[in-house]
Amino acid sequence: MDHFQYRDGVLHAEDIPLPRIAEEIGTPVYVYSRATLERHAQVFRDALEDVPKKHIAFAIKCNPNLGVLRVLARQGYGADVVSGGELERALAAGMAAEDIVFSGVGKTRAELAQGLDRGIGQFNIEHEPEGIALAEIALAKETTAQAVLRVNPDVDAGTHAKISTGKAENKFGVGIDAAPEIFDRLAGLPGLKMRGIALHIGSQLTSLAPLEAAFERVGRLVADLRAAGHDITHVDLGGGLGVPYRPDDDPPSPAEYGAMVARVTKNWDVTLMFEPGRVIAGNTGVLLTEVLWVKPGATNPFVIVDAAMNDLARPALYDAYHDFVAVEPTGEKMTASIVGPVCETGDTFARDRTIDRVESGDLAVFRTAGAYGATMASTYNSRSLVPEVLVDGDRSIVVADRIAAGTIMAAERVPDWID
Ligand code: LLP
């Protein structure tokens, strides 16, 4: 459930009619609903009611906006970060250092040192050399890094190949069969406290079966590690739960996920850690856009909107579906392709889709754009960087400015040795 609903025929974000935001801020613009964000945060936590010891770290890569992070910090969420930049954002948003988990397949030595200096709660080690480097840096700083080893359980997450992470051929973690030996060696290093295991098999999972299979494997690994004398206190189950993008999508609910987790991990006796992203933020945002032109096409017309692949990259990157609805629908429908102004055919949001009839000047939104939306935006084609607005009841505020193409250009220079 979200708080983007029609009132008197006009789509609102909570109590704010979207045409007002378009008028005040211009389009394209991302609009987030605080009430939806808080609701999702609570629903996910409630779903884990039967998990006695837990820690929830929002995967901030999916929406690192400071305003959004502050809302989640107030909900008691920590952060899963994958770069030094994300680490600083989580802290700036008010998340406690000990609630921060540092994931990421290519952490630099400088980032490892930064994590230690900031006193973060946990490092998720991707491979042995990274663990050795972390131990060395921690030792030099006369501290101990709390760490878990990320394993690759070799299961097919059944999601898009570009966002699947748990198959043996993917770059993430160490093979689960090699894990006991690697864990053993890392656990013997001073400077490192190896306290458990992490996994994350992919994103936008629409079935619990691969997650359950992966968790079962990790459960056996935990038992083996304990049998070998290791003290295993934490298991990080990652994120990945899918959300509905199409009106008739029916992914597993957080409650179903929580019940499965509680059942599979019942005897593990560890603190379970979670890194949800999309399931928290996806449906808390829309991308508001204006229809520039409706242009005849060979079969169906093209609806050319002022948002483009640089603002919302998911359709171009993953053939992702984002529902498109008019802000003030007439009730009539049309079949059209929805495209942006960028000069490549990949700048297509939908092909030959039946949508609300729209005309030049109408407003529309792409739904489910709160995760992996603004954060993946660029200025390709020298377009502005898209702004973000957070709505809370009847108030709204720009939580990220539109960065004009001119501001980007001002950061560039022409060498004076080019005459
Ligand atoms: N933990 C780790 C280690 C991750 O790599 C990810 C996402 C998450 C947690 C959060 O996963 P979620 O709960 O959001 O599924 N840009 C792509 C998605 C990339 C996901 C990357 N990793 C998209 O737009 O679909």
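Tutor: A polar contact is a pair of N or O atoms within 3.5 Å. This is a predicted model: local features need pLDDT of at least 70, side-chain atom pairs count only at pLDDT 80 or more, and totals for chains, interfaces and linings use all residues. Residues are numbered from 1 along each chain as its sequence is written, and side-chain values use heavy atoms, leaving out hydrogens and water.

Student: Which backbone atom lies 2.9 Å from an oxygen atom of the ligand?

Tutor: A backbone N or O atom of Gly277. Side chains take part too. Ser203 places a polar side-chain atom 2.4 Å from a ligand oxygen atom. In Glu275, a side-chain N or O atom is 2.6 Å from a nitrogen atom of the ligand.

Student: How much of the ligand does the protein cover?

Tutor: Accessible areas come from the Shrake-Rupley method with a 1.4 Å probe. On its own, the ligand has 590 Å² of accessible area, and the protein covers 91% of that.

Student: How many residues surround the ligand?

Tutor: A residue is near a molecule if one of its heavy atoms lies within 4 Å of it. Here 18 residues surround the ligand, and Ser203, Glu275, Arg314, Tyr318 and Tyr372 are the closest.

Student: Which domains supply the shell around the ligand?

Tutor: Domain bounds come from an automatic or database domain assignment. The shell draws at least three residues from each of domain 1 (4-32 + 282-409) and domain 2 (34-280). The C-alpha centres of these domains lie 32 Å apart. Contact means heavy atoms within 4.5 Å. The contact takes 24 residues from domain 1 and 24 residues from domain 2.

Key: A polar contact is a pair of N or O atoms within 3.5 Å; within protein, one must be able to donate a hydrogen and the other to accept it, and residues adjacent in sequence count only if both atoms are side-chain atoms.
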